[in-house]
Each structure stands twice: as structure tokens, then as C-alpha cells.
Amino acid sequence: DGRTAEETFEAVIAADQKVEPRDWMPDAYRKGLIRQIAQHAHSEIIGMQPEGNWITRAPSLKRKAILLAKVQDEAGHGLYLYAAAETLGISRDELVDALLTGRQKYSSIFNYPTLTWADMGAIGWLVDGAAIVNQVPICRCSYGPYARAMIRICKEESFHQRQGYEILYTLSNGTAAQHEMAQESINRWWYPSLAMFGPPDADSTHSAQSMAWKIKRHSNDELRQRFVDMCVPQAEVLGLTIPDPELRWNEERGHHDYTSPDFEELMRVVKGDGPCNAERMAHRRRAHTDGAWVRAAAEAYAAKHDGSDR
Ligand code: FAQ
């Protein structure tokens with residue numbers, strides 16, 4: 001139609017349509033998406049560890065079955081996201097290698113330890129809650145495969161959030177010791193959950209370009225504020241206290257004022273110096289090595305059945 005490939009791309013973005021794998025796209029758009037989707041996929045995979053730690057210690061058979069299903073969902077999310085990244089021309093092997101060699105990162109939140117059963121509640125309520133606030137807008141991301149993967153992931157995250165909330169509700173309304181355990185868990189997870197949204201807007205390297213390309217739909221601080229506003233009434237119903245003495249409704253802004261997380265801590269944790277970084281990576285490397293025979297068997301099977309007998 002006389003337009004250059006770049007003009008067509010810009011028109012698709014402007015019209016809120018989807019960019020698809022075979023369409024022309026700027027190199028930086030492709031690279032930026034690979035970076036974000038890969039980090040997201042790695043987060044789901046590494047994110048199985050903190051909760052995996054409690055599967056054998058869940059307090060009842062029912063709780064165990066629910067937690068097992070949740071952790072399996074996370075594996076599934078990781079796989080959809082790797083598949084979405086692969087549509088951009090990078091292989092699964094390269095993605096896994098980038099994680100294992102530390103060239104690509106995963107969410108800071110999964111470098112914190114899960115010390116009590118209540119942490120299963122706090123992860124569901126706060127970590128999945130933050131993930132939903134961040135991810136619902138990605139359902140409208142300009143890149144088709146990522147946007148579509150996000151729809152199903154968000155539905156499952158909503159279930160995860162509710163199951164965490166229900167764990168906390170039960171503990172909060174249980175014995176004094178159980179209530180205390182729930183509160184102590186919230187005290188530890190609140191600020192790391194706020195940090196999940198990334199650095200403040202002024203320090204966010206990728207936001208402006210990602211928002212112009214409609215990969216991100218809202219800034220880090222906008223989403224963090226939305227999350228705080230959402231949590232306040234939920235904490236009231238739980239009968240638990242958000243550990244921020246500065247937290248209060250600001251009539252003028254129509255939002256809650258709150259204390260920011262420690263962004264220097266966020267950067268330290270992202271760079272590898274969090275409480276569990278070394279443990280998480282060592283576990284992932286071990287799992288990858290232990291799984292080598294499965295990959296070899298799958299490859300041998302695929303070579304034998306080249307498609308002609310299927
Ligand atoms: N952790 O310029 P920006 C889940 C990095 S939910 C680590 O603002 P951007 C579900 C950032 O990559 C968790 N790194 O970056 C679940 C960049 O570094 P780079 C995963 C962080 O991309 C629940 C630099 O800082 N969700 O897994 C973090 O525009 C329970 C500068 O930052 C997603 O990944 C952080 N918290 O915005 C699973 C959602 N924050 O790459 C199991 C998709 C910032 O230049 C259990 N991702 N950085 O080296 C996003 O929406 C965005 O990538 C943000 C960061 C908002 C995370």
C-alpha cells in the first residue's frame with residue numbers, strides 16, 4: 001500500500017492492533033520484548049521454589065493438593081511465556097542458558113525465603129496480587145503472542161491470589177499464635193511486594209519506550225499505587241495490618257499515601273545479593289542437569305519419529 005514496513009508497524013501500534021511474529025518490527029522492539037518476556041518466564045520458573053519448599057509441609061491433604069496445583073500452574077505459565085518469547089526468534093536453549101549464566105534476570109521477589117506456612121498465604125495475596133495488577137494491562141500489550149498468553153495466566157493468577165487470601169483469612173481468625181504468624185509474614189512480604197513493580201518512574205530505563213510501543217500500558221509507580229489502594233480494604237477484611245505507619249488516605253489525590261520500598265535493596269537483590277539468590281540459582285542449575293536425560297530422550301524420540309508415522 002505504499003507504506004514502508006516501519007510506517008505499517010507504527011500504524012498498527014497507533015490503531016491498538018496487534019503485532020504478530022511474522023510482521024516487520026524494529027529491532028529494539030523485538031529485543032525489548034525478548035528481555036521482558038524472558039524475565040517474566042524465568043520468574044515463573046524460579047518462582048516455583050519458594051512455595052515448592054512448603055509442599056511436603058502443608059498442614060492438610062487439601063492444602064497440599066491446592067499448593068501442588070498452584071506450583072504446577074507456575075510451571076505452565078513459564079512454558080507459555082517461553083513459547084511466546086520463541087516466536088521472536090530466540091530458542092528455548094538460548095533462553096535457559098541466559099538464565100543459568102545470569103545474563104537474564106528474574107523477579108527480585110523470589111530471592112526472599114519462605115519461613116512459615118503463612119508465607120504461602122502472603123505470597124498468594126501479595127505476590128500474586130501484585131502480579132495481577134502488573135499483568136492485567138499486559139493482556140492489551142501490542143505484541144499478540146504475549147498479550148494472548150497473559151489472558152489465561154491472569155485467570156490462573158486470580159485463583160492463586162484467592163487461595164493465598166483464604167490461607168491468611170483462616171490464620172488471622174485462628175488461634176492467637178496463628179494470627180501472629182500471619183501478621184509476621186505480611187510484615188516481611190509487604191515491601192518486597194511493592195518493589196516488584198520496579199524502580200520509581202524517574203529511574204525506570206525502559207518505561208518510556210515500552211509505553212510508547214504499548215508493551216507497558218502504565219508506569220511502575222501508577223501500578224504500585226493501584227496495588228496499595230487495592231490492598232488496604234483487603235487487609236481490613238483480613239484483620240491484618242499493613243506494616244506502614246505512613247499509610248493513609250489522601251483525599252486530594254484520591255489515593256493512599258504510603259512509604260516506598262527500599263529501591264537500593266531492590267537493585268542489590270536484582271544484582272544477585274539477596275537472601276536466596278545463590279540458593280535459587282544453584283537449585284535451578286541442579287534441576288537442569290538432572291533433567292538432561294529427559295531432553296535427550298525427547299530428542300531421540302523426535303528423531304526416530306520424524307513426523308511420517310504421525
Ligand atoms: N525484579 O526500566 P525498568 C510472577 C529491572 S510475577 C527484577 O522499570 P521494565 C507470578 C528491569 O528488568 C513476577 N528486576 O524495567 C508468580 C530492568 O533491568 P534490565 C514477574 C527488576 O522492564 C507469583 C531494570 O530493573 N512478572 O512471576 C525488577 O520497564 C507467585 C530497570 O527497570 C513480570 O516479569 C524486579 N522487581 O519494568 C510466580 C511482569 N524491577 O532488564 C510464582 C512483566 C525492575 O534492563 C509465584 N514485566 N527490574 O536488566 C514487567 O512488567 C516489567 O518488566 C517490570 C519492570 C515492571 C518488572
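A residue is called buried when its relative accessible area is under 20%, exposed when the value is over 50%, and partly exposed in between (1.4 Å probe, protein chains only). Glu-20, at 25% relative accessibility, counts as partly exposed.

The structure is a predicted model, in which local features need pLDDT of at least 70 and side-chain atom pairs count only at pLDDT 80 or more, while totals for chains, interfaces and linings use all residues. Residues are numbered from 1 along each chain as its sequence is written, and side-chain values use heavy atoms, with hydrogens and water left out. The mean pLDDT (the predictor's confidence in each residue, from 0 to 100) of the protein chain is 96. The model has an ipTM of 0.97 and a pTM of 0.96.

**Salt bridges**

The structure contains 17 salt bridges, each a side-chain nitrogen of Lys or Arg within 4 Å of a carboxyl oxygen of Asp or Glu. Three of these pairs are listed here.

| Pair | Closest N and O atoms |
|---|---|
| Arg-248 and Glu-246 | 3.8 Å |
| Glu-279 and Arg-280 | 3.7 Å |

Arg-280 is buried, with 4% relative accessibility. Salt bridges that share partners also link Glu-51, Lys-70, Glu-74 and Asp-128 into one network. By comparison with the buried Arg-280, Arg-148 is partly exposed at 46%.

**Arg-217**

The side chain of Arg-217 makes a polar contact of 3.2 Å with that of Asp-16; such a contact is a pair of N or O atoms within 3.5 Å, where within protein one must be able to donate a hydrogen and the other to accept it, and residues adjacent in sequence count only if both atoms are side-chain atoms. A polar atom of the Arg-217 side chain also lies 2.7 Å from the backbone oxygen of Arg-140.
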